[in-house]
Amino acid sequence: MSNKNFFENWMETQQEFMNNWMETSKKMQDAIAAGKTPEEGTKIYNEWLNKQNELTRKAAETTTGQVTEAFKSVNDKQKSGVEEWSAKMSEWMKQQQDSYNKMNDMFRNWSSSFTGNSWMNDGMKQMEQMRNQWMNAFNQPTNSFAPFMNFWNDATTKNAWFDMNNMNQGYARFVEMWQPFAQAMTKNNVQWDQLNQYFRPEMFKDMLDKNMAFLSPNFFNEQMQQINHWNDMANNYNRHAYEQWVNAMPENMRGYLPQYNSFAAPNTANYFQKMILPVIRLVNPGKETEVQENMAAVAEKAGIAVNKIYQFQQHLYNTGTKAWESFITENYELFKNGTDMSNTQEVYKKWIATAEEAYTRLFQSDAYSALQGELLDLQLEIKQHNDKVAEAMMQNLPVVLRSEADDLYATIYELRKRVYALEKQLNGDAVEAKEVKASKKKAATA
Amino acid sequence: MNEKVIKDLAEAGAKMAKGYDNLVNVDSVEIGTTPKELVHTVDKVKLYRYVRNTPATIKTPLIISYALVNRYEMMDLQPDRSFIANLLQLGLDVYVIDWGYPTKADRYLTLSDYVNWYINDVVDFVRKSHGIDKVNLLGVCQGGTLSIIYSALHPEKIKNLITTVTPVDFSTNDGLLFRWSRKLNIDRIVDVHRNVPGEFLNNGFGMLKPMMKVNKFNSLPDLLDDKDKMMNFLRMEKWINDSPDQAGECFRQFIKDLYQENKLVKGELEVDGVKVKLKNVTMPVLNIYATEDHLVPPAATIPLNDHIGSKDHELYKFPGGHIGVFVGNRSQKELAPAVAKWLMNRDK
């Protein structure tokens with residue numbers, strides 16, 4: 001058994017996959033340049049495929065053994081994590097295999113249809129697509145790094161691993177975004193009017209989301225899911241009281257924003273119509289109006305909030321896109337003046353600095369501060385209405401409501417202060433001074 | 001995609017692979033390890049005294065009041081980066097207030113409670129246990145603002161006041177926190193959350209330097225080969241992520257009266273119905289600020305010296321950031337010696 005850990009072996013295999021691809025790519029280029037026959041291409045392909053199959057087989061073989069070996073020292077508590085991770089790795093290997101199958105199909109289509117000219121015209125494009133397949137395959141296990149957090153008990157190392165993994169994926173996205181520009185610059189083939197074709201919005205968005213997780217749409221989506229979850233519960237609360245309103249609801253909600261209509265209104269209506277029986281037991285007669293009013297307020301505020309979230313995200317992505325444009329332009333100027341751009345990590349650092357400056361400028365604007373404040377307030381207002389619905393629903397249940405707990409906390413707070421004041425009056429500081437003397441003595445002898 | 005780019009990507013992955021081995025061997029990440037003793041509690045607040053092996057050469061004990069946001073261990077992050085260990089070495093008798101982790105039952109604690117109940121209680125405790133009238137008080141960030149308010153209300157109990165990276169004039173536009181807080185509906189935040197979650201605040205702090213986290217974790221794989229550097233990184237991470245919730249009522253008043261209405265320098269802040277007059281701060285004051293502070297910019301800290309009644313006041317400019325002032329390499333050589341020297345000259 002080699003001394004390398006699983007990751008090192010995995011990286012080595014990936015490197016071999018890539019070397020194989022590059023070797024093949026070079027042979028293809030030579031074949032095209034030499035105007036060789038399609039048969040030559042098939043021979044090259046077969047060589048590539050055989051080698052790739054061998055590498056895949058080897059990687060698959062080592063995966064199971066290596067995982068077991070690498071984690072043989074884990075304790076029982078961690079076993080479930082290992083199992084979970086193993087399952088993910090198996091899945092990844094399968095995806096890897098699928099990826100090669102796709103490549104295989106691609107090549108078959110390619111070689112069956114090409115003529116001498118299509119070789120020249122399409123050959124390298126096809127190779128580039130194979131490269132993309134590899135890139136996808138590469139990202140799969142990178143995503144699978146996350147379950148490794150389960151092997152640590154210390155929360156700080158867990159978080160560090162998670163964040164490092166996330167940022168590494170952000171870096172991979174950056175490389176994918178950057179490389180077409182770098183290539184064009186190296187070939188002295190930059191045509192500004194065509195640069196937009198290199199820009200891949202989805203990839204760019206993914207990179208920003210990974211870099212700025214706290215502002216990403218996922219963050220807001222989670223919040224909206226919570227709202228929907230509450231809607232779900234509240235809407236199932238009393239079908240008799242709301243049936244009429246429910247039936248009319250999709251129609252009534254047409255006036256709201258299209259974004260809201262697109263998911264919330266039909267969902268809400270759907271929740272109403274499900275009418276989960278057990279929840280009906282929560283009926284609290286006399287509270288219908290209160291619940292209905294709060295639900296209506298939630299619907300109204302959620303509609304506005306969705307609109308604000310869109311505005312907010314628009315600010316973020318627009319800022320990112322503009323920063324990217326200026327980053328590309330500045331780097332092209334530097335390149336023309338002879339600056340070495342071969343160190344991708346250094347280029348990435350420049351991108352980070354450019355983005356930092358752009359976002360700080362955005363955050364400093366009054367418009368941003370106002371929108372952020374407004375959005376936060378809306379989200380909290382929705383929560384406030386939902387809390388009221390929850391209280392109205394649960395009032396007859398044997399549970400302590402939040403407002404009741406608040407009263408209790410207020411009493412406890414007052415009592416704590418009074419007890420403190422009484423202790424001061426009754427005991428003075430004599431007891432405390434005695435304790436201190438003892439601790440001073442201990443400290444001095446420590 | 002050229003070969004160089006592929007190599008770069010592969011190298012980034014390989015560094016993560018190596019890092020895994022080092023990270024998995026970390027049992028736990030410890031901070032705040034300088035020996036200390038719990039000497040007093042008031043309500044849920046604890047007072048620790050750091051253990052000295054020799055008698056203190058500066059007789060007046062020093063009480064440190066850290067911010068309610070995050071934890072005091074930042075001043076004792078690791079043995080070779082410890083403001084507190086340095087102060088001990090320089091002959092000080094050091095106490096630190098541990099504010100603890102407010103629970104829902106603490107949501108009604110007010111600014112007055114922190115100042116007139118907790119700080120006042122620990123100050124009285126130290127005064128009595130040492131048999132002295134006055135103590136030295138050092139406040140950090142928000143803890144510095146609380147210390148100033150306390151010193152203005154109880155000047156007879158404070159011998160010397162040291163403020164570090166402490167906001168006083170909240171009218172500045174230099175810091176994002178100051179801009180953003182003016183647009184917040186703080187009543188809603190407190191009414192809904194009760195206690196303001198530490199995570200909410202940490203998100204806000206993260207946005208002050210939006211790409212800092214990317215930079216930090218992008219460079220982490222390079223540190224993982226060096227165990228010392230890796231542990232330094234992890235200790236800081238542990239501290240950053242340890243962010244207590246804020247007692248709701250205190251937070252409400254702090255944001256409204258200070259960030260939004262700047263009442264402290266206007267002389268309009270009221271604590272327990274008493275107006276806080278900065279002119280009552282008549283004891284010697286050392287005001288330490290950091291030139292690159294993005295959380296509490298110099299424009300918010302420097303004006304203190306213009307508003308207080310003290311004739312013996314000094315501004316100390318430290319080149320660095322809000323945290324670097326305590327944990328940076330330069331700080332280990334400069335900050336504690338400057339504080340000790342200043343206190344020594346006034347320890348009569």
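How many helices and strands are there in chain A?

1. Chain A has 15 helices and zero strands. Both element types are DSSP runs numbered from the N terminus: helices are H or I with at least four residues, strands are E with at least two.

2. This is a predicted model, in which local features need pLDDT of at least 70 and side-chain atom pairs count only at pLDDT 80 or more, while totals for chains, interfaces and linings use all residues. Residues are numbered from 1 along each chain as its sequence is written, chains are lettered from A and ligands numbered from 1 in the order in which they are written, and side-chain values use heavy atoms, with hydrogens and water left out.

3. Chain A holds 446 residues, and 47% of them are buried. Buried means under 20% relative accessible area (1.4 Å probe, protein chains only); exposed is over 50%, and partly exposed lies in between. The accessible surface of chain A is about 23000 Å², with 51% belonging to carbon and sulfur atoms. Areas come from the Shrake-Rupley method with a 1.4 Å probe; for residues, only the protein chains shown count as cover.

4. The largest nonpolar core has 167 residues; Phe174(A), Trp178(A), Trp324(A) and Trp351(A) touch the most other members. Helix α5 of chain A (residues 155–186) gives the largest share, 13 residues. Such a core is a set of buried Ala, Val, Leu, Ile, Met, Phe, Trp, Tyr and Cys residues joined through side-chain atoms within 4.5 Å.

5. Take Trp324(A). Residues up to four places away in sequence aside, its contacts include Phe174(A), Trp178(A), Phe199(A) and Trp351(A).

6. Thr354(A) sits in helix α12 of chain A (residues 344–364). Thr354(A) counts as buried because its relative accessibility is 15%. Beyond its neighbours within four places, Thr354(A) contacts Ala323(A), Ser326(A) and Phe327(A).

7. In chain B, the axes of helix α8 (residues 212–223) and helix α9 (residues 227–241) come within 9 Å and cross at roughly 145°. Axes are lines fitted to C-alpha atoms, for helices over the stretch in contact; angles run from 0 to 180 degrees between N-to-C directions. The α8(B)–α9(B) contact includes Phe217(B) and Leu220(B) from α8(B), and Met230(B) and Phe233(B) from α9(B).

8. Val51(B) lies in the loop between β2 (45–50) and β3 (62–65) of chain B. Val51(B) counts as buried because its relative accessibility is 17%. Its C-alpha is 9.6 Å from that of Tyr95(B), 44 residues apart along the chain.

Methods: Contact means heavy atoms within 4.5 Å.
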